[in-house]
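The exercises below go with the sequence and structure shown here. Each has a task and a worked solution.

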Amino acid sequence: MMPDFSHPADYAIALLPEIVLSVWAMVVLLVDVFQKGSRSEPSSAVIPWLAGVGVLLAAGANTWLATLGTGPASAAIAMDGFRIFANYVFLLAAGFFLIISTRYLEEEHMRLGELYVLVLFATVGMMVFAGSADLMLIFIGLELMSVPVYVLTGVNRRDVRSAEGALKYFLLGAFSSAFFLLGVALVFGATGATNLSEIAIAVGVDGIGASPMLLMGVAMLAVGFGFKVAAVPFHMWTPDAYEGAPAPIAGFMAAAVKAAAFAAFLRVFLTAFPGLYDTWNAMAVWLAVITMISANLIALVEGNVKRMLAYSSIAHAGYLLVALAAASVLGAASFLFYSLVYTIMTMGAFAVVIAVAGRQEANLDLESYAGLGWKRPLLGIVMTVFLLSLAGFPLTAGFIGKVFLLRAAVERGLVLLAVVLVLASLVSYWYYLRVAWYMWFRDAEPGAGAGPEPSTGLKVALATAAVLVLALGVAPGPLLSLAEQSAATLLRVPAATVGLLLP
Amino acid sequence: MIGLLQSIGYPDWVLNALLLVPVIGMAALLAGVGGRPRTVALVIAVAELAISLPLWFAFNPAAAGMQFAAEFAWIPEWGIHYRVGMDGISLMLVLLTTAILPIALLGSYNYITNRERTFYAMMLLLEAGIIGVFVAMDLFLFFMFWEIMLVPMYFIIGIWGGQRRIYAAIKFFLYTAFGSLLMLVGILYLFFKYRALTGDLSFAYADLLQVPLTFGEQYWLFGAFALAFAIKVPIFPFHTWLPDAHVEAPTPGSVVLAAVLLKMGAYGFLRFLLPFFPHAATHPTIVMTMLVLGLIGIIYAAWVAAVQPDAKKLIAYTSVAHMGFVVLGVFALTVRGLQGAMVVMLSHGLSTGALFLLLGMLYERRHTRLIADFGGLATVAPMFGAAFVFTALASIGLPGTSGFVGEFLALLGTFETHPWVAIIGTTGVIFAAYYMLPMVQRIWFNSLDNPANRDLPDLSRRELAVLAPLIAGMLWLGLYPKPVLERMEPTLSALVRTVEQRSGPALSFEIEIADPIDTPAVEGRAGGGQP
C-alpha cells in the first residue's frame, strides 16, 4: 500500500515517523507539566525514559515505512531508502543523547522536561528537513530543527559561555535561513517550481540556458546549507556554540544537526540540480578543500578538548563535502555510511568528555586528560578507540567510512580531492593523537584523584559506541550494501528526466 | 618431515595460526591471565617460532608462486578477502620476525619494569601486524596491517621510551602515516581501474597486478607507493624519524624496529613497486635517482654515525647506511642484486638487532650510552666484549659473516648494470669501518680509567642464550648462505622476469580505459532503484 499522495491520508502514512514523534513529544510535555508542582522543581526522572520510548516508537514507524518500498519520485515527501537510513541516524543520535545526558543534566540542575521535548522536536525537524522533496517543506524542516537547537544551546542559563554561544548561533542561523529562503525564492522564480523533481525537469539536461537567477538561487541555497553543515567559511559560530552548549547537546548538534543538513544538501543538489553539476561541482570541491584544510589546521593549536571536537566536526564536514562533490550513488552511499559512523564516534567522544569534565564542565583542557588511561583504563581505551576512528585508522568504523569517501572521489575522477582528504587526515592525526598521548604518555598530577565514577547510562553509551565502532570497522559489509541500496533510491529519476542521471 | 606436516594439514593453517597466536596472546595478557606478563609473552613468542620453523622444510624451494595460501571472504561487498600466501621473499622475512621476537623479549627481560602487561601485549600485537604485512595477498588487508602496526609501536616508544619519547613517537607516527595515506589513494586508484576494466570489485594482489596502466599513471602511482616505502626503509632524505625513534624506543622496541620493521619498506619495493609499475621502476631517470639516494644514504649516514657521542644513535645511523645497500641491490634489477638486498636485510636484522641488545645490556649495567663514559671494558667483561666485537664486525661486513655476503652480492648485482654506482658504493664498506671500529675501540679497549666500569658484570647465562642464536645466524649466513639463497632464487628470478617482460616496449600500455564519469557499473550493482 504505497501512498501515491492522491488522498490527504496518504501524507499521514508517509509522515508516520514524524507524526509519531511529534505527538509523543507533546505527550511528554503534558506529563511533565502535570507532574511538576511548581516551576522551580526538577522534572520527574521518568521524563527521559518517556522520551526514549518516543524515539523507539519513531524508529518502529520508520522500520514500517521501510517495508512500503520506494514511492514516486515526484512526491513532496520522499519515500526512499535514503530518507529511511538518514532517519535512523537522527534517531540513533537522539537515543545516544538521552543515555549520556541523564546524570549530567541532573547534576547541573538542568533536568527540565522541556529540554527533552525540544530534543524530540529537533529530531522531528531533522526528519522533515532530510525527508522532504519540496523546497518549502525543506525550509519548514530546517526551521523546525534549528529553533529548538538554538534554545538547547543556551539552556544552561547560569553559564555566560552558553548564552554567548546561543546568541551567536541564533543570529548567524537566522541569517543563513534568510539566505536559504532567498535561494528558494530565486529558484522558484527561475523554474516555477519548488518540487525537486519538477525543478530538475525545468533545469533540463546539462543546465542549458540556466538563467543567472537560477544560478544565484543555487548559490544562495549552497550558502544556507554551508552555514548549517558548518563548512568553512561559514563555520564561525560552530566552536562558540559547541563550547557554550552543555556537552551532551554539543554532541547531539555535532552529530545529528550536521547529518540532517548534509542529507538535505545532498538531496537538493543531487535530485534538483543534477543538470547543473558542472557548475556547482567546482564550488563543492573548493568548499571541501578549504573546510578540510583550515579546520584541521586550526584544531592543531586547540588545547580545549570540547573546542577541539568542534573543529574536528568542521573537518568532518569537509570530508562529507567530498561525498557531495562526488555526486554519485557511491557518494551518497558514502555520506550515509559516514554520517552513521560519525554519529556513533562523536557521541562516544562527547560521552568521554562528559565523564572527564566533572561539575560545571571544569575539566575540559588537555591537562585534565593527563594519565587518564592509567587512572581509568576502560575510559582511556574507549577514548583511544574513538580517537583512532575519528582519525580514520584501520579496524575502526572511521577507516571504512573514509575509504568509502575516498573511493567515491576516486571513482568520480577526483583523485586530487582524495589526496587533499588524506593529507588533511594526516594533519588531524596530530591533534587526535595528542589526546592519546596525554592519556597514556603522561602521568597524572600527584594530587589529582580518579574523578567520579561515570553514571550507568554513560557506561552503557560508551560501551555501545565502542563496540559499534569496532564492529563496523571489522565487519562493515552488510551496512555498506544497505547504504548503497539506500543511496541508489535517492538517485532514481522520473521517466521524464532520464538523461540527467548521475553515475 | 614434509609428509608428517602434510598429514596434519600444516600448509593450510600455518599462516592463519601465525597471525592468530599473537593476537590471542595479546588478548590473554590484557584480560589478565596469571603469571608474569613477560613469561606469558615469551611463551607465546616461542610458540610462534615453533609454528613457523617447519615452514623452512615445508616450503617448496623450486616454486616461485605463492605457497601456504589461505583465503576467505572478509568484506565481499567490496571484493575484500582475507588472502594470505608466502613466497621466497616472505618466507625469509617471516622467519626473521618470529626468530627475533622471542630474542628481543628475553634479551630485555629485566628492562621493562612498569606497566609490563600492556607492554608485552603491544609487542605481540606488533608481531601479528608485521607478519600480516609480509603474508597479505590482498591490498586492503596489506594496508590494514601496514597501518595497524603503527599503533603498538607508537605506544611502545611513547610510554616506555627515553627522555624525548613523545617527540620521537609522534614523529615516527606522522612520518610513516604520511607515506601510507598517499599509498591508500594509489591502492584505491588501482581498485577503480580494475573495476572500470572488468566490472568486478577486487583488492586481490593477483587481480590488481593485471591492471594495465598508462605511462603517466605508472609514474604517479609509483610516486605514491615509493614514498610510503621509502619513508619506511628509510631512504635518504626521509630518514630523519629513524634516529629519534631508534634511540628513544626501549631496547626490545629498538630491536624489533631495526631488525624487522625497516624490512617492510624494502619488502614493499619487491612485492609491489617493481611488479606493479615496471615501466616507472625501470625508467633510467628513476632508477638513477633511487641509486643515488641509496648511495647518499650509505655514505652520508656513515659520516654522521662516525661523530655520534651516543652509541645507540651511532647504531641507528648505521641502519640508514645498510638500507642504502638494500636500495642499490633492489634497483640494480638483477637477480644477484635482489639476492644481495635480501641477504643484507636478513644480516642487518641479525647484527643490528644484536647490537641494540648488547647496548641495552650495557645500559642496564651503567645507565649511560655515551661512548665517552666507557673504556677498557674488555678486560672486566671479556665475553661481553667478544660478542660485541664479533657483532660489530659482522655488521660492517667482515668476510665470513653475513654482512659480507649481503653487501658483496648487492654490489656485484649493481656492478652488472651500473658499474660506477657499485664502485662508489664500495667506499661505503670502508666508511663502515671508519665509524664502527673507533667506537668499539673506545668502549672495549683503551684504558680502563672510569672507576664506575671496574666491576662491570660479564654476560649472564640468559644474555648468552639470547646472543648465541644471533651470532650463530650471522656465521651461518656468512659461511653457508646456499640454503637461504636457493629458497629465494626462483621467486627473485620470476620477479626480474616479470619486470623485464612487462616493461618491454612490445607491450602496449596505452590501452585507453573508459572515462570514469561514463562508467555505468554503479547502477547495475546497487540495484533496486531502477524504474
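Two residues are in contact if their C-beta atoms, placed from the backbone, lie within 7 Å. The model is predicted, with local features needing pLDDT of at least 70 and side-chain atom pairs pLDDT 80 or more, while totals for chains, interfaces and linings use all residues. Residues are numbered from 1 along each chain as its sequence is written, and chains are lettered from A and ligands numbered from 1 in the order in which they are written.

**Exercise 1.** State whether A:Val385 is buried or exposed, and find its contacts.

Step 1. Helix α16 of chain A, residues 377–391, holds A:Val385. Helices are DSSP runs of H or I with at least four residues, numbered from the N terminus.

Step 2. A residue is buried if 20 or more other C-beta atoms lie within 10 Å of its own, exposed if 12 or fewer, and partly exposed in between. A:Val385 is buried because it has 25 C-beta neighbours inside 10 Å.

Step 3. Setting aside neighbours within four places in sequence, the contacts of A:Val385 are A:Thr396, A:Ala466, A:Val469 and A:Leu470.

Step 4. From A:Val385 to A:Leu395 the C-alpha distance is 9.7 Å, across ten residues of sequence.

**Exercise 2.** Describe how α14(A) and α16(A) cross.

Step 1. Their axes, lines fitted to C-alpha atoms over the stretch in contact, come within 9 Å and cross at roughly 145°. Angles run from 0 to 180 degrees between N-to-C directions.

Step 2. The crossing is left-handed, meaning that the near helix is turned anticlockwise from the far one by less than a right angle.

Step 3. On α14(A), the residues that meet α16(A) include A:Gly348 and A:Val352; on α16(A), A:Phe386 is among them.

Step 4. This contact has nine nonpolar, two polar and no charged residues. Ala, Val, Leu, Ile, Met, Phe, Trp, Tyr, Cys and Pro count as nonpolar, Asp, Glu, Lys and Arg as charged, and the others, Gly among them, as polar.

**Exercise 3.** Find which helix gives the largest share of the side of chain A that touches chain B.

Step 1. Chain A puts 36 residues into the contact and chain B 34 residues.

Step 2. On chain A, α14 (329–357), α17 (397–411), α18 (415–441) and α20 (477–490) each supply at least two residues of that side.

Step 3. The largest share, twelve residues, is from α18(A).

Step 4. By class, the side of chain A that touches chain B divides into 23 nonpolar, eight polar and five charged residues.
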